[in-house]
Amino acid sequence: SIAPVTVTVTGASGQIAYGMLFRIAAGEMLGADVPIKLRLLEIPAAVSAAEGVAMELEDGAFPLLSSIDITDDPDVAFSGANVGMLVGARPRSKGMERADLLSANGAIFTAHGKAINNNAASDVKVLVVGNPANTNALIAMNNAPDVPDTRFSALTRLDHNRAIAQVVKKTGVRASSVRKVSVWGNHSATQYPDLSHATVAGEPALAVINDRDWVENDFIPTVQVRGTAIIAARGSSSAASAASASIDHVRDWVIGTAEDDWVSMAVCSDGSYGVPEGLISSFPVTCADGEFTIVPDLAIDDFSRERIDLSVSELEQERAAVRELGFV
Ligand code: NAI
């Protein structure tokens with residue numbers, strides 16, 4: 001029989017976790033034959049709500065779900081974790097300054113990084129979803145010196161999927177026919193969704209679309225501000241789509257990306273494409289055998305260069321701010 005995989009989800013009482021946990025338990029993330037041990041981490045005030053979520057998970061009678069543990073102690077939550085999905089974060093409340101937000105999240109991701117360093121399984125893989133996701137991942141990574149930097153990532157798969165969705169709407173093809181979309185930089189409004197190397201039904205996407213004005217003035221800004229548009233329409237932030245993208249992210253990292261395609265993940269830069277080493281920035285990546293590789297040798301034109309640099313400079317500013325606060 002296959003050994004169970006321990007999956008730790010933080011922010012387990014929140015909206016995204018609610019969309020995520022049932023699909024993990026159903027085997028949609030790690031495979032239909034892999035037993036799952038769930039560890040749910042919450043703040044003390046939300047432990048009771050997590051117990052309610054666990055009751056519902058029990059009631060799913062998922063054959064693969066071998067155990068559920070609920071805790072408010074990060075050391076317990078990450079003990080033996082093979083996969084860490086760091087969703088819990090401090091949202092910006094009314095009147096909160098940016099520095100306060102960075103401090104609150106810096107403290108959370110420092111604690112979680114240390115707990116991962118000291119307790120997780122030697123093969124742990126970490127996905128940070130909680131915002132500011134790239135910089136929170138940077139903080140966790142820097143507080144886990146014994147874990148290789150390549151085990152830390154932040155979620156830009158939602159942006160990647162949003163980019164595919166816009167191309168689907170424009171061209172009428174199915175989502176599976178849109179390949180090699182790239183998202184570069186920060187998970188923020190400065191991100192650069194890039195169709196330069198994308199294909200639609202095997203043909204160059206930009207040629208199929210044949211509408212530069214749409215790419216520059218519709219596609220790019222629509223993807224960049226999609227999160228805000230969903231808040232405006234739904235009255236709360238995108239949760240089910242974020243959960244779905246998180247499952248896509250971990251599944252492809254563990255199981256591998258399809259032949260003739262790639263995905264976007266925010267990972268620790270090795271200096272590729274002029275992104276300063278050590279920043280957690282989104283790149284097009286392929287995955288095989290549980291490891292990602294930044295897609296090499298893509299031609300970057302002046303238009304793309306300018307947009308990548310803009311988003312990366314925002315990441316550098318965020319890093320400088322959390323450095324000043326002593327988190328990295
Ligand atoms: P939510 O507010 O419904 O849930 C967050 C949960 O985290 C709460 O239950 C809270 O008690 C918990 N939490 C706070 N501090 C914690 C800690 N130290 N340890 C454990 N749990 C803690 O929020 P939602 O909608 O689930 O979103 C979660 C995060 O994901 C937010 O930061 C949001 O901005 C971010 N997000 C990221 C996206 C991405 O693409 N990277 C997309 C959408 C949301």
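Where does the ligand lie relative to domain 1 (5-154) and domain 2 (157-318)? That was my starting point, bearing in mind that this is a predicted model.

**Ligand shell.** I checked which domains contribute. Both domain 1 and domain 2 give residues to the shell, so the ligand lies between them. I then listed the shell and got 28 residues, with Gly11, Gly14, Ile16, Gly88 and Asn131 coming nearest. By type, I noted 15 nonpolar, eleven polar and two charged residues around the ligand. Helix H1 (residues 15-25) gives the most to this shell, with three residues.

**Domain contact.** Across the boundary, 27 residues of domain 1 are in contact with 24 residues of domain 2. On the domain 1 side, H1, strand E4 (83-86), strand E5 (125-128), helix H5 (133-142) and strand E6 (152-154) each supply at least two residues. I sorted that side of domain 1 into 16 nonpolar, seven polar and four charged residues.

I found His187 in the loop between strand E8 (182-184) and strand E9 (192-194). Buried or exposed, with the cut-off for buried at 20 or more other C-beta atoms within 10 Å? His187 has 30 of them within 10 Å, so I put it down as buried. Beyond its neighbours within four places in sequence, I logged contacts from His187 to Ala133, Asn134, Ala154, Leu155, Thr156, Asp159 and Ala266.

Key: Residues are numbered from 1 along each chain as its sequence is written. This is a predicted model: local features need pLDDT of at least 70, side-chain atom pairs count only at pLDDT 80 or more; totals for chains, interfaces and linings use all residues. A residue is near a molecule or strand if its C-beta atom, placed from the backbone, lies within 6 Å of it. Helices (H or I, at least four residues) and strands (E, at least two) are DSSP runs, numbered from the N terminus. Ala, Val, Leu, Ile, Met, Phe, Trp, Tyr, Cys and Pro count as nonpolar, Asp, Glu, Lys and Arg as charged, and the others, Gly among them, as polar. Domain bounds come from an automatic or database domain assignment. Two residues are in contact if their C-beta atoms, placed from the backbone, lie within 7 Å. A residue is buried if 20 or more other C-beta atoms lie within 10 Å of its own, exposed if 12 or fewer, and partly exposed in between; C-beta atoms are placed from the backbone.
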